[in-house]
Amino acid sequence: MSKKSKKLHYAWWIAIACCAIYAGSVGIIVACAGLFYKHVSTELGVGTADIVFYTTLMYFVITITLPFAGKVFDKINMRVLLSVAALTDAIAFGLMGTYTSVYQFYVSGVVLGIANSFLIYAAVPLIINNWFKIKMGTVLGLSMTFMGIGGAISAPFAGYLIETIGWRPSYMVLGAIVAVITLPFTIFVIRKDPKEKNMTAYGAEIAEESAKNVVEETGTSLKQAIKSMPFYALFIFTGFLGLVVTVNFHIPNHLLSEGFSTTYAASVVTCVMIGQTSGKFLIGWLNDKIGIKLTNVIGIGSGMTGILLILFSGTLGGASIYIGGLAFGIGYSCSTLLPPFMIKEIFGNRDYASILSMIMSASTLAIALGTTIFGFAYDLTGSYYTVFLSVLAIQVLSILIGFMVLRRKAVRANNETILAVNEN
């Protein structure tokens, strides 16, 4: 075997870069956000919802900016764009340590939303798709696990910083770490596609050979899908799972309100991130082994178990809260995995990407709204009991919607089979 054939394909450096981007952005900026809410609101003399609203703005801006991201990639060099986005992320997050008004946090929220539209949601899937013609799903899934891995590492460190040097310097330190983790990769490693390196994508030869045997993909067209009940049912289903995700932002504040320390709250966040990371593998494996119907029940049911254990943390205490964090993390992972599985099951492959992008927008919109709504509920009631019980009801509805849509699909398929038999 020649030296050239032994050389690591550059695509794998691209994969490492994508892992770093997810770990530095989502793993720090998103995973650690909830650890600061109570400290910031107390010092600034505002309600929790007032601070949480910057997260709402971030996700709302992502929702409205994301559809335009692809067009920008065609006009601006990917390395330049992502390097600016990464630096913007770091500065906007680090500057929060200097703010004296809640409105300054809102500015950072808008800026973070614009930057992360490109850095997190649009760029990584596009780049991996360009560089990997085989194993693309595996590599993307691996990259996404670094959201949880980054959070599992950064959350306890952030909790330690807040308790030792205060929340203001902690924002600055974490902002600097975001820059250190992401910028070297966006500047020196990232390339939009193999042509920029005069290369071919990983597995291009195998993909070309396989393409000769591919038959036309079947399924529902986008035009047909948007006229159907299952489309809107799955939109609601995905939005409900997005609302569940927003609980993650409030878990630290709930634990602090129950008398636990910031360090302890951070350790529970770490458990959530570990559960989220392992959940991505577990939910995918279950879907392949037992089908989407039971996977829905197990995945969402795990999230419900986690919420119950965390809700009654003040009474239960001990290891049960850590177990709750792990279980909720598995439920958390459902928001990114169950909708794609359900969409493929119901609508097939024909216009899968288009249908997926439209339905998944329900998740970011729900996260945008839920973060602030839950914050207001806490300010009004003085606890998260109402919030968590409402989320439990939402999870029950999600399971029921999943059953309803899958049953409708099964009935339709059965009728089509009977019709075909009668025609013959």
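Me: OK, so contact means heavy atoms within 4.5 Å. Leaving aside its neighbours within four places in sequence, which residues is Thr-372 in contact with?

Reply: Keep in mind that this is a predicted model. In it, Thr-372 touches Ala-49, Val-52, Phe-53 and Thr-56, once you leave aside neighbours within four places in sequence.

Me: Which helix is Thr-372 found in?

Reply: Thr-372 sits in helix α17, which covers residues 352-381.

Me: And is Thr-372 buried or exposed?

Reply: Buried, because its relative accessibility is 7% and the cut-off for buried is under 20%.

Me: Let's do helices. How do α5 and α6 pack?

Reply: Two packed helices are described by the angle between their axes and the distance between the axes. For α5 (residues 78-94) and α6 (residues 102-131), the angle is about 140° and the axes are 9 Å apart. That makes the pair oblique, because an angle has to be over 145 degrees to count as roughly antiparallel.

Me: Which hand is the crossing?

Reply: The crossing of α5 and α6 is left-handed.

Me: Which residues meet there?

Reply: On the α5 side they include Leu-81, Ala-85 and Phe-93, and on the α6 side Val-111, Phe-118 and Ile-127 are among them.

Me: What span should α3 have?

Reply: Helix α3 has 12 residues (33-44), so at 1.5 Å a residue it should span 16 Å. Its end C-alpha atoms are 16 Å apart, which agrees. Its buried residues include Leu-35, Phe-36 and Leu-44.

Me: What follows α3?

Reply: Gly-45, with a positive phi near 70°.

Me: Which residue has a positive phi although it is not a glycine?

Reply: One is Asn-198, at about 55°. Most residues other than glycine have a negative phi. Asn-198 lies in the loop between α8 (167-188) and α9 (204-211), and it counts as exposed at 76% relative accessibility.

Technical notes. Residues numbered from 1 in each chain as written. Predicted model: local features only at pLDDT ≥ 70, side-chain atom pairs only at ≥ 80, totals over all residues. Heavy atoms only, no water. Helix = DSSP H or I, 4+ residues; strand = E, 2+ residues; numbered from the N terminus. Expected span 1.5 Å × (residues − 1). Buried < 20%, exposed > 50% of the residue type's maximum accessible area, 1.4 Å probe, protein only. Axes fitted to C-alpha atoms, helices over the stretch in contact; angles between N-to-C directions. Parallel < 35°, antiparallel > 145°, perpendicular 65-115°, else oblique. Left-handed = near helix turned anticlockwise from the far one by under 90°.
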